[in-house]
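Subject: Structure handover

Dear colleague,

Please find the structure below.

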Amino acid sequence: LISFDETNSASFSISVPSTLAAESVGLRLGPYQQALTLVSSEAVADSVPPRSLLTFNIDNVVAMGSELPVIITVQPPAGSSHPTLDVRTGSTVSTNMPVFTGFETNQFDGTVSMTAPSTLTVSGTNLVVPVTGADSIFPEIFIASLPVSCNTPECQEQTLQSLVASGETNLCSDTVITQENRLSCIIQPTGAGNLGL
């Protein structure tokens, strides 16, 4: 049983053999390992062989994506050559994806300078995923030059994704969280007339 609430925390219960140490149990949402805190361990009545019901808290769920599989992980005993056991449950979790509401630069009329670095601030919703957890997510603003003919959202999104995948240099560096749902970065001077974000 996994339950989430509006505070971005969750509780998680699992029945395991009583010989299994609680530290061996983990929970992953897609690729994101969660930081678990053991709340209680109770013997399951009349179970043969003996079993325990472990209840964990996830103080801050860290994940981003759609239909992420919920995976239970079990670490092997210390010194064992066995790999970590991943047990995929039938459940999935989806998070609210980021939505941009605006951006501004420190240049006159919101342009990007061809001679000096520019500061870009992006605002929106769900931009910053809390970063406390076993696996942290840190936001990045990716900016690259796009062909002038690529002037539709569909073309721009597809082109940017391919540039990210190919390791294209990001024109925006030093991304910082200025406040909740506001990110800033420094854009290097560029003569490109069509930038994608």
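C155 has a relative accessible area of 28%, so this cysteine counts as partly exposed (buried means under 20% relative accessible area, exposed over 50% and partly exposed in between, with a 1.4 Å probe and protein chains only). C150 is at 3% relative accessibility and is therefore buried. A disulfide joins C150 to C155, with an S to S distance of 2.0 Å; the term stands for a pair of cysteine sulfur atoms within 2.5 Å. The torsion about the S-S bond of C150 and C155 is about -125°, so this link is left-handed.

Before the rest, the basis of these notes: this is a predicted model, in which local features need pLDDT of at least 70 and side-chain atom pairs count only at pLDDT 80 or more, while totals for chains, interfaces and linings use all residues. Residues are numbered from 1 along each chain as its sequence is written, and side-chain values use heavy atoms, with hydrogens and water left out.

The structure holds two disulfides. The other pair is C172 and C185, whose sulfur atoms are 1.5 Å apart. This pair links distant parts of the chain: C172 is in strand β12 (residues 172–179) and C185 in strand β13 (residues 182–187), 13 residues apart. Strands here are DSSP runs (E, at least two residues), numbered from the N terminus. The angle about the S-S bond of C172 and C185 is 60°, and the link is right-handed. Both C172 and C185 are buried. With the bonded cysteines of the protein numbered in sequence order, the pairing is 1-2, 3-4.

β12 and β13 also pair as strands: five bridges join them, and they run antiparallel. Two strands count as paired if DSSP finds at least two bridges between them. S173 stands opposite I186 in β13.

These strands belong to an open sheet of four, in the order β9-β10-β13-β12, with antiparallel pairing. β9 and β12 are the edge strands, each pairing on one side only. Neighbouring strands of the sheet are turned by 25° against each other on average, direction ignored; the axes are lines fitted to C-alpha atoms, and angles run from 0 to 180 degrees between N-to-C directions.

F100 lies in β9 (residues 99–105) and counts as exposed because its relative accessibility is 51%. F100, F103 and L197 form a nonpolar patch on the surface, with about 330 Å² of accessible area together. Patch residues have over 30% relative accessible area and no salt bridge, and nonpolar side chains (Val, Leu, Ile, Met, Phe, Trp, Tyr) are joined within 5 Å. A salt bridge is a side-chain nitrogen of Lys or Arg within 4 Å of a carboxyl oxygen of Asp or Glu, and accessible areas come from the Shrake-Rupley method with a 1.4 Å probe.

Lastly, strand β3 (residues 25–29). Five of its five residues are buried. V25, L27 and L29 point one way from β3, G26 and R28 the other way. Five bridges join β3 to β7 (residues 68–74), and the two run antiparallel; in β7, I71 stands opposite R28. β3 is also joined to β4 (residues 32–33) by two bridges, again antiparallel, and L29 has Y32 as its bridge partner in β4. The hairpin of β3 and β4 has two residues between the strands, and G30 takes a positive phi near 60° in it.

Regards

Notes. Patch = residues over 30% accessible without salt bridge, like charges linked within 9 Å, V, L, I, M, F, W, Y side chains within 5 Å.
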